[in-house]
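Student: I would like to learn how to read a model like this one, feature by feature. Could we start with the contacts and go on from there?

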Amino acid sequence: MMAWAFTYAILCSAAAAAAASVSIPPYGDSITFVNSSSNGGTAMFLPLFFNQQRTKEEFHPRRHLHNRPTPSARMPLHDDLLLNGYYTTRLWIGTPPQRFALIVDTGSTVTYVPCSTCEQCGKHQDPKFQPDLSSTYQPVKCNIDCSCDNEREQCIYERQYAEMSSSSGVLGEDIVSFGNQSELEPQRAVFGCENMETGDLYSQHADGIMGLGRGDLSIVDQLVDKSVISDSFSLCYGGMDVGGGAMVLGGIATPDDMVFTHSDPARSPYYNIDLKEIHVAGKMLPLNPKVFDGKHGTVLDSGTTYAYLPEQAFGAFKEAIFKELNSLKRIQGPDPNYNDLCFSGAGSDTSQLSNAFPSVEMVFGNGQKILLSPENYLFRHSKVRGSYCLGIFQNGKDPTTLLGGIVVRNTLVTYDREHEKIGFWKTNCSQLWERLHLSPAPPPLPSGTDKDNSTLDISPVLAPSESPPAPAPKSSGEAKIGLITFFMLLNVTYPELKPHMSELALFMAKELDVNSSQLQVRLMNFTSRENDTLIKWAIFPEEPADYISNATAMDIVSRLSENRVHLPDSFGSYKFFGWNMGPTPPQRTWWRQHYLAVIIAFVLMMVIGLLASGAWYIWRRDKSLVSYKPVDSVVAEQELQPLQN
């Protein structure tokens, strides 16, 4: 899968050679490449080439909103950076709204989705965008500020990436809605409508990209330029084994103990921080602070999976970590193709990892520091239970420091662009609103993975200029759901998994809360691949019921889409996708519908027959015994009759 981050680092000569043939769009559009990580996910990096450096004078100051309160868009995050390679959020485009699952990426400046006219687009979570079905869609006409199509009628965009994937299409404008958790009304915005995609863009499960970087086409810049939000946004990634999280477009009331560091927009269009020191177990690494300021400095990117340090910094960090792990055993990583640094003996309870692994601190130029717990620099070993591997690597020979999503798990990160600073606040991202003492948000939208789920969506509020819709007729009843199917991909080979299939089914039933008499979980089929196993599961109503209640079905889909299914470590890493709700129950034969009654009737008849046979046998036996006389009984003597001649 494609994961979206954009690195300044060239990690190997092969990647550099590939990048050399890639054309660079103007104004620093991102060039990215993907390096497979050992845990089955993807590692992500920033652009291999960098655009011309800009001065502060070139950045026009954002319009201040005269201290009047501004709304914000509160949006849930889905998926998991290590399992899926990215986090996604849901965006609705058009009138009526069409839903899309978009990768949240601070390293990209463009938001784009597949267009219905695309002849070379992969199969993604949701149907392609259909401009003809939106009454508010308008193409962006050719002008001097954009590249134009051959007919010079419409603006186009093109993105090429160093791992040889690409996206191209036309620019359009339509109403963008942010879901029912948002207090921000839908807004008109420019986005890309893909006509072609290749490589990982073609094969990824997510629909497209939501660009949060600095640039005129960035969704953040467009909303700020409309003065509908303050020049800020926040991301909060869920912790280890949790996934999901939350994001906010616009400002929030930052906690008093949030740690801030300077971010210089003149240095690059990406988000950098002023890192000066790293401490391990309270001891400062013996490094010159300038080591974190090499080349492009220290870059924070929401789409990068792991963290990458310059050679000197990584060597010092690794040595300091090793000194603190005397009680743990060094083991081989999950993938022999990678020289991962992994350790066993820490136990499976992530809340107790700090008892086995040291704390790490990042110290900024202003003297403030942020504490990194073990989940901020470790990832689970997918093959050995209770084992973990370092999620911080050497950035080749490149002196740039790149901090990916693993460093900010369970951390609220506020990108305060107006004041040129980035804030960090350790928290439980699954309880972000409660921790911020905000009013509870409405229930999150259901987040399925394909068009079959579209009927279950809760439509976002309509655009301001639209007349309200006519009241919908009251439903005569709930939607009839007779079957739920979904796929599960485990990073375990089938021979390893086979002895534990029944155990896996029990865990699945428990985690989906269907281990009652009302529902049953069945394994439909499986596909064994080189290093993993693909399983198709089905959930049926327990017979003789015909349907699953809507509330139960929505709860099951929510658990799957929000990564709330947690299995023991022995099953390795796993992910769910392709869930589908059947609107009607599977057709049952007369025998399937009535077999229980037939069996009961047959058993009763057999019992009655056996009882009757036994009673008859006893009666016959008693009657036969009565016809015989005892041997000592007196018998009247009878006269002999004369013989006939």
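Student: Which share of the contacts between residues at least 6 apart in sequence join residues at least 24 apart?

Tutor: A contact means heavy atoms within 4.5 Å. Among contacts in the chain between residues at least 6 apart in sequence, the share joining residues at least 24 apart is 72%. Note that this is a predicted model, where local features need pLDDT of at least 70 and side-chain atom pairs count only at pLDDT 80 or more, while totals for chains, interfaces and linings use all residues. Residues are numbered from 1 along each chain as its sequence is written, and side-chain values use heavy atoms, with hydrogens and water left out.

Student: How many helices and strands does the chain have?

Tutor: Helices (H or I, at least four residues) and strands (E, at least two) are DSSP runs, numbered from the N terminus. The chain has 10 helices and 34 strands.

Student: What percentage of the residues in the chain is buried?

Tutor: Buried means under 20% relative accessible area, exposed over 50%, and partly exposed in between, with a 1.4 Å probe and protein chains only. Of the 645 residues in the chain, 53% are buried. One case is Ser 168, in strand S10 (residues 166-177). Ser 168 counts as buried because its relative accessible area is 17%. Leaving aside residues up to four places away in sequence, Ser 168 touches Tyr 157, Glu 158, Glu 194, Asn 195 and Met 196.

Student: Which residues of the largest nonpolar core touch the most other members?

Tutor: In soluble globular proteins, nonpolar side chains tend to be buried together. A nonpolar core here is a set of buried Ala, Val, Leu, Ile, Met, Phe, Trp, Tyr and Cys residues joined through side-chain atoms within 4.5 Å. The largest one has 90 residues, and Leu 212, Leu 249, Phe 317 and Phe 357 touch the most other members. Helix H5 (residues 311-323) gives the largest share of this core, six residues. Apart from it lies another core, of 28 residues, including Ile 556 and Trp 579.

Student: Which residues of helix H8 are buried?

Tutor: In H8 (residues 501-511), the buried residues are Met 501, Leu 504, Met 508, Ala 509 and Glu 511. Seen down the axis of H8, they fall within an arc of 165 degrees, so they line one face of the helix. That arc is taken over the directions from the helix axis to the C-beta atoms. Turned away from the buried side of H8 is a face with the exposed residues Ser 502, Leu 506 and Lys 510. Just after H8, Asp 513 has a positive phi of about 60 degrees.

Student: In what order do the strands of the six-stranded open sheet come?

Tutor: Strands of a sheet pair through backbone hydrogen bonds, either parallel or antiparallel. Two strands pair here if DSSP finds at least two bridges between them. The order is S3-S14-S13-S29-S30-S15, and the pairing is antiparallel. Strand S3 (73-77) and strand S15 (259-262) stand at the edges with a single partner strand each, so one side of each is left without a neighbour in the sheet. Strands S13 (residues 232-237) and S14 (residues 245-249) pair over five antiparallel bridges. Tyr 237 has Gly 245 in S14 as its bridge partner.

Student: What is the order in the open sheet of four strands?

Tutor: The four strands run S21-S22-S26-S25, with antiparallel pairing. Three bridges join S21 to strand S22 (residues 342-344), and the bridge partner of Lys 329 in S22 is Ser 344.
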